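Student: Please take me through this model, and set each value against the criterion behind its label.

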Amino acid sequence: MFSGSMVALVTPMRADGSLDDDSLRKLVEFHISQGTDAIVAVGTTGESATLNVEEHCDVIRKVVEQVNGRIPVIAGTGANSTSEAIELTQYAKDLKVDAVLLVTPYYNKPTQEGMYLHFKAIAEAVDIPQILYNVPGRTASDLLPETVGRLAQISNIIGIKEATGDVSRVQQIKQLAGDEFELYTGEDANTIDFILAGGRGIISVTANVAPAAMHEICMAALAGDEARAREINQALVPLHQFLFVEANPIPVKWALSEMGLIPEGIRLPMTVLSEKYHQSVREALITAGVLN
């Protein structure tokens, strides 16, 4: 259903942490003009953990309205409470998003069976395409390929964002889940290798600041043109590194503010990027050709 560069969109905020709707709409237009293939609204990069339910739903609604059917919208609706994830997923469906992205329950550290039953319950409760999201470095729970294979048998669970950094999982999951099951990386640095191994694209942090290049990298890799993909990617290597010098989305929000696209706001307990990293991130933006 989806392929290419899908941006894990930040949620713009003012200095006091309040939501900035005008900047959100401008960001959506920026991505559409730059060739982004889909927008993920209020994923974990969108600070879903610190938005209340009303804010979470409001951001999804505003993104859907602004996109107005021009590219797919995927809503982040995961939670460590199964009932809350169902509630958010139903709301996203009512807004007519194209799919939802469901992060593994964080902090709880459920068993594989617990994760299977969690995702199964959401899929059975809300009939909408659903993408699993495995990021054990942030959640302390690793959704193993065997469990993904079981979940893939549920018709509206269509894919997974796999952010372990382990490219070998592409073939492991494909063997268990079938070729129609869609795999997206969540690691910008391994985008090319992941696609060449059989993935469909990336749900990307780097695409927030370099959307055109990330789109072109994905298109080249999907076409099997590895040389072209690596040539484009060379300028983005510093970004893939320095956008993660502090916890995401701290560096990428600072980078976007440096580019003049959003204010510098971020919500506690996240803080603005430490000054010692400013020059490194700024130089990475210049190398990527997105900042003069």
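Tutor: Let us begin with Glu47, which lies in the loop between β2 (38-41) and α2; helices (H or I, at least four residues) and strands (E, at least two) are DSSP runs, numbered from the N terminus. The model is predicted, with local features requiring pLDDT of at least 70 and side-chain atom pairs pLDDT 80 or more, while totals for chains, interfaces and linings use all residues. Residues are numbered from 1 along each chain as its sequence is written, and side-chain values use heavy atoms, without hydrogens and water.

Student: Why are α1 and α2 called oblique to each other?

Tutor: Helix α1 (residues 21-34) and helix α2 (residues 53-67) pack at about 45°, their axes 10 Å apart; axes are lines fitted to C-alpha atoms, for helices over the stretch in contact, and angles run from 0 to 180 degrees between N-to-C directions. Angles under 35 degrees count as roughly parallel, over 145 as roughly antiparallel, 65 to 115 as roughly perpendicular and the rest as oblique. The angle of about 45° is in that remaining class, and α1 and α2 are therefore oblique. Their crossing is right-handed, a term for a near helix turned clockwise from the far one by less than a right angle.

Student: Which residues make the contact between α1 and α2?

Tutor: Asp21, Leu24, Arg25, Val28, Glu29 and Ile32 of α1 meet Val59, Lys62, Val63, Gln66 and Val67 of α2, contact being heavy atoms within 4.5 Å. By class there are six nonpolar, one polar and four charged residues (Ala, Val, Leu, Ile, Met, Phe, Trp, Tyr, Cys and Pro are nonpolar, Asp, Glu, Lys and Arg charged, and the others, Gly among them, polar).

Student: Why are α2 and α3 described by another word, roughly parallel?

Tutor: The axes of α2 and helix α3 (residues 82-94) come within 10 Å and cross at roughly 30°. That angle falls under the parallel limit, and α2 and α3 are therefore roughly parallel. The α2 helix passes α3 in a right-handed crossing. Val53, His56, Cys57 and Arg61 of α2 meet Glu84, Glu87, Leu88 and Tyr91 of α3, a contact with four nonpolar, one polar and three charged residues.

Student: How do you know that the charged end of Arg150 sits over the ring of Tyr116?

Tutor: The criterion asks for NZ of Lys or CZ of Arg within 6 Å of the ring centre and within 35 degrees of the ring normal. The charged end of Arg150 is 3.7 Å from the centre of the Tyr116 ring, which meets the distance limit.
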